[in-house]
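Colleague: Hi! I'm new to this one, could you walk me through it?
Modeller: Happy to, let me bring it up.

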Amino acid sequence: WFNGGPNNRYITQHIITGLGHLNHLNVASSMTSNQSEMIDKAVAYLDNEFVKEYEEMKNRAKNINDDHLSATQVHYLYMRSFFKEIKTSKKVDEVIAYYLNQAQKYWKNRGLYAQGMLGLTLYRKEDIKTATKILRALEENSVTSDKIGMYWKKNTSSWFWYQAPIETQALLIEAFSEIRPTDTETIDNLK
């Protein structure tokens, strides 16, 4: 992101996810051709990194059907759900299909933030059944109080980017708002 600086998948993914999110919320101003070109280049870079991590995992894995759903790959799937209009290669489609299958099997093994991202990703990929299961589990594991609304005791801060309580709560508000938009009582409690 700085001339002559090294590539960084996480930072690129985070920035592009943010731009996709702003566009999804209709907050972003109309994109210039420069912005569109930057996003296209960044998504192409992220597609390549996504496939590269998958290939490295395949070379190391004893059983490809075990849980190989990394936080970075979950974040990629969420990022990519904002950019359906950007074409993917057959290889990217193949790897996305693999990780969506992983998400359907192993979402329960993930933390709150990843579950929220997976719920939204699967919902946007029209897997309403799994997205609904994720929200139901999130709701069952939540606590609701008159004083502070709906929250999760295990939503605590730590060293990792996916363990930020405010960002996690915001993402879960997004998940419930998008997947169950008519459930205003739960959405209000989350806020």
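Colleague: Thanks! Are Arg 80 and Asp 47 buried or exposed?
Modeller: Arg 80 and Asp 47 are both buried. Keep in mind that this is a predicted model.

Colleague: What do the side chains of Arg 80 and Asp 47 form?
Modeller: They form a salt bridge, with N to O at 3.0 Å. The pair ties together distant parts of the chain, since Arg 80 sits in helix H3 (residues 71-80) and Asp 47 in helix H2 (residues 33-60), 33 residues apart.

Colleague: How many salt bridges turn up in the whole structure?
Modeller: A search of the whole structure gives 12 salt bridges.

Colleague: Let's stay with helix H2. Which residue does Glu 49 pair with?
Modeller: Glu 49 makes a salt bridge with Lys 52, and their closest N and O atoms are 3.9 Å apart. Both residues lie in helix H2, three residues apart, or about one turn of the helix.

Colleague: And why does Lys 52 count as partly exposed?
Modeller: Because its relative accessibility is 43%, and partly exposed covers the range between under 20% for buried and over 50% for exposed.

Colleague: New topic: what about Lys 91 and Glu 94?
Modeller: Their side chains meet in a salt bridge too, at 3.1 Å from N to O. They are about one helical turn apart because three residues separate them in helix H4 (residues 90-106). Lys 91 is partly exposed at 29% relative accessible area, and Glu 94 is partly exposed at 40%. Salt bridges with shared partners join Lys 91, Glu 94, Glu 55 and Lys 58 into one network.

Terms used. Residues are numbered from 1 along each chain as its sequence is written. This is a predicted model: local features need pLDDT of at least 70, side-chain atom pairs count only at pLDDT 80 or more; totals for chains, interfaces and linings use all residues. Side-chain values use heavy atoms; hydrogens and water are left out. A salt bridge is a side-chain nitrogen of Lys or Arg within 4 Å of a carboxyl oxygen of Asp or Glu. Helices (H or I, at least four residues) and strands (E, at least two) are DSSP runs, numbered from the N terminus. Buried means under 20% relative accessible area, exposed over 50%, partly exposed in between (1.4 Å probe, protein chains only).
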